[in-house]
Amino acid sequence: MMKEKKLLEKKDWHYYVYAVADSIELSIPIPQPAPGFDISYTLNESEKEAYLNSGIKALEERIEDMKANFSNYKMNSWR
(Lines give C-alpha, C1' and ligand atoms only; values in the text may rest on other atoms or scores of the structure.)
Protein backbone atom coordinates (compact mmCIF):
# COMPACT_ATOMS: atom_id res chain seq x y z
CA MET A 1 0.00 0.00 0.00
CA MET A 2 1.38 3.39 -0.99
CA LYS A 3 1.56 6.13 1.57
CA GLU A 4 -0.64 9.08 0.76
CA LYS A 5 1.22 12.20 -0.35
CA LYS A 6 -0.23 15.56 0.60
CA LEU A 7 1.13 18.54 -1.33
CA LEU A 8 2.29 21.21 1.14
CA GLU A 9 3.62 23.72 -1.35
CA LYS A 10 5.00 23.96 -4.85
CA LYS A 11 6.60 26.25 -7.36
CA ASP A 12 5.88 24.61 -10.71
CA TRP A 13 9.01 23.31 -12.45
CA HIS A 14 11.15 24.29 -9.43
CA TYR A 15 10.09 22.25 -6.40
CA TYR A 16 7.27 20.31 -4.77
CA VAL A 17 7.02 19.62 -1.03
CA TYR A 18 4.87 16.75 0.24
CA ALA A 19 3.86 15.41 3.62
CA VAL A 20 4.16 11.62 3.55
CA ALA A 21 3.11 9.95 6.82
CA ASP A 22 5.38 11.57 9.46
CA SER A 23 7.96 12.68 6.89
CA ILE A 24 8.38 15.56 4.51
CA GLU A 25 9.52 14.78 0.98
CA LEU A 26 11.11 17.28 -1.39
CA SER A 27 10.84 16.66 -5.12
CA ILE A 28 12.43 18.68 -7.91
CA PRO A 29 12.01 18.17 -11.67
CA ILE A 30 15.11 18.19 -13.88
CA PRO A 31 14.92 18.07 -17.69
CA GLN A 32 18.43 16.62 -18.12
CA PRO A 33 19.48 13.87 -18.49
CA ALA A 34 16.77 12.95 -21.00
CA PRO A 35 13.92 12.07 -20.70
CA GLY A 36 13.83 14.16 -17.50
CA PHE A 37 13.46 13.07 -13.90
CA ASP A 38 11.80 13.93 -10.63
CA ILE A 39 14.50 13.87 -7.95
CA SER A 40 13.17 12.95 -4.51
CA TYR A 41 14.58 13.35 -1.04
CA THR A 42 13.08 12.76 2.41
CA LEU A 43 14.09 15.51 4.82
CA ASN A 44 16.05 14.56 7.91
CA GLU A 45 14.79 15.74 11.31
CA SER A 46 16.81 18.97 11.41
CA GLU A 47 15.78 19.87 7.84
CA LYS A 48 12.16 19.08 8.66
CA GLU A 49 12.27 21.38 11.72
CA ALA A 50 13.94 24.13 9.71
CA TYR A 51 11.34 23.81 6.95
CA LEU A 52 8.44 23.89 9.40
CA ASN A 53 9.92 27.01 11.06
CA SER A 54 11.26 28.91 8.05
CA GLY A 55 9.55 27.48 4.99
CA ILE A 56 11.14 26.70 1.64
CA LYS A 57 14.02 29.13 2.26
CA ALA A 58 15.44 26.56 4.69
CA LEU A 59 15.77 24.04 1.83
CA GLU A 60 17.52 26.21 -0.78
CA GLU A 61 20.93 24.56 -0.27
CA ARG A 62 19.39 21.08 -0.45
CA ILE A 63 17.57 22.00 -3.67
CA GLU A 64 20.81 23.24 -5.24
CA ASP A 65 22.60 20.05 -4.15
CA MET A 66 19.80 17.93 -5.64
CA LYS A 67 20.17 19.73 -8.98
CA ALA A 68 23.97 19.43 -9.02
CA ASN A 69 24.29 15.90 -7.59
CA PHE A 70 21.03 14.33 -8.77
CA SER A 71 22.59 10.89 -9.16
CA ASN A 72 22.99 10.74 -5.35
CA TYR A 73 19.20 10.90 -4.93
CA LYS A 74 16.15 8.82 -5.80
CA MET A 75 15.37 9.45 -9.46
CA ASN A 76 11.98 8.80 -11.12
CA SER A 77 11.96 8.99 -14.91
CA TRP A 78 9.26 11.08 -16.60
CA ARG A 79 8.71 8.18 -19.00
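Where is Trp13 found? In this predicted model, Trp13 sits in the loop between strand S1 (5-11) and strand S2 (15-20). Its phi is near 70°, a positive value in a residue other than glycine. Most residues other than glycine have a negative phi. Trp13 is also exposed, with a relative accessible area of 61%.

The overall fold comes next. The chain has 2 helices and 5 strands. From the N terminus on, these elements run β-β-β-β-α-α-β. The radius of gyration is 12 Å, close to the 12 Å that the globule rule gives for 79 residues, so the chain is as compact as a globular protein of that length. Along the principal axes, the C-alpha atoms fill a box of roughly 35 × 30 × 20 Å. Buried residues account for 34% of the 79 residues. The accessible surface of the chain is about 5500 Å². Carbon and sulfur atoms contribute 50% of that surface. Among contacts with a separation of 6 or more, 40% come from residues 24 or more positions apart.

Strands of a sheet pair through backbone hydrogen bonds, either parallel or antiparallel. S2 and S3 run antiparallel and are joined by 5 bridges.

Ala21 belongs to the loop between S2 and S3. Although Ala21 is not a glycine, its phi is positive, at about 55°. Ala21 counts as exposed, at 57% relative accessibility. The cut-off for that class is over 50% relative accessible area, and Trp13, at 61%, is exposed as well.

The loop between strand S3 (23-30) and strand S4 (37-42) holds Pro33. Pro35 is found in the loop between S3 and S4 too. Gln32 and Pro33 are joined by one, with omega at about 0°. Ala34 and Pro35 are joined by another, with omega at about 10°. Most peptide bonds are trans.

Is Pro33 buried, partly exposed or exposed? Pro33 counts as partly exposed, because its relative accessibility is 33% and that class lies between the 20% and 50% limits. Pro33 and Glu9 are 24 residues apart along the chain. Their C-alpha atoms are separated by 25 Å.

Note on methods
Residues are numbered from 1 along each chain as its sequence is written. This is a predicted model: local features need pLDDT of at least 70, side-chain atom pairs count only at pLDDT 80 or more; totals for chains, interfaces and linings use all residues. Side-chain values use heavy atoms; hydrogens and water are left out. Helices (H or I, at least four residues) and strands (E, at least two) are DSSP runs, numbered from the N terminus. Buried means under 20% relative accessible area, exposed over 50%, partly exposed in between (1.4 Å probe, protein chains only). Two strands pair if DSSP finds at least two bridges between them. The radius of gyration is taken over C-alpha atoms; the globule rule is 2.2 Å times the number of residues to the power 0.38. Contact means heavy atoms within 4.5 Å. Accessible areas come from the Shrake-Rupley method with a 1.4 Å probe; for residues, only the protein chains shown count as cover.
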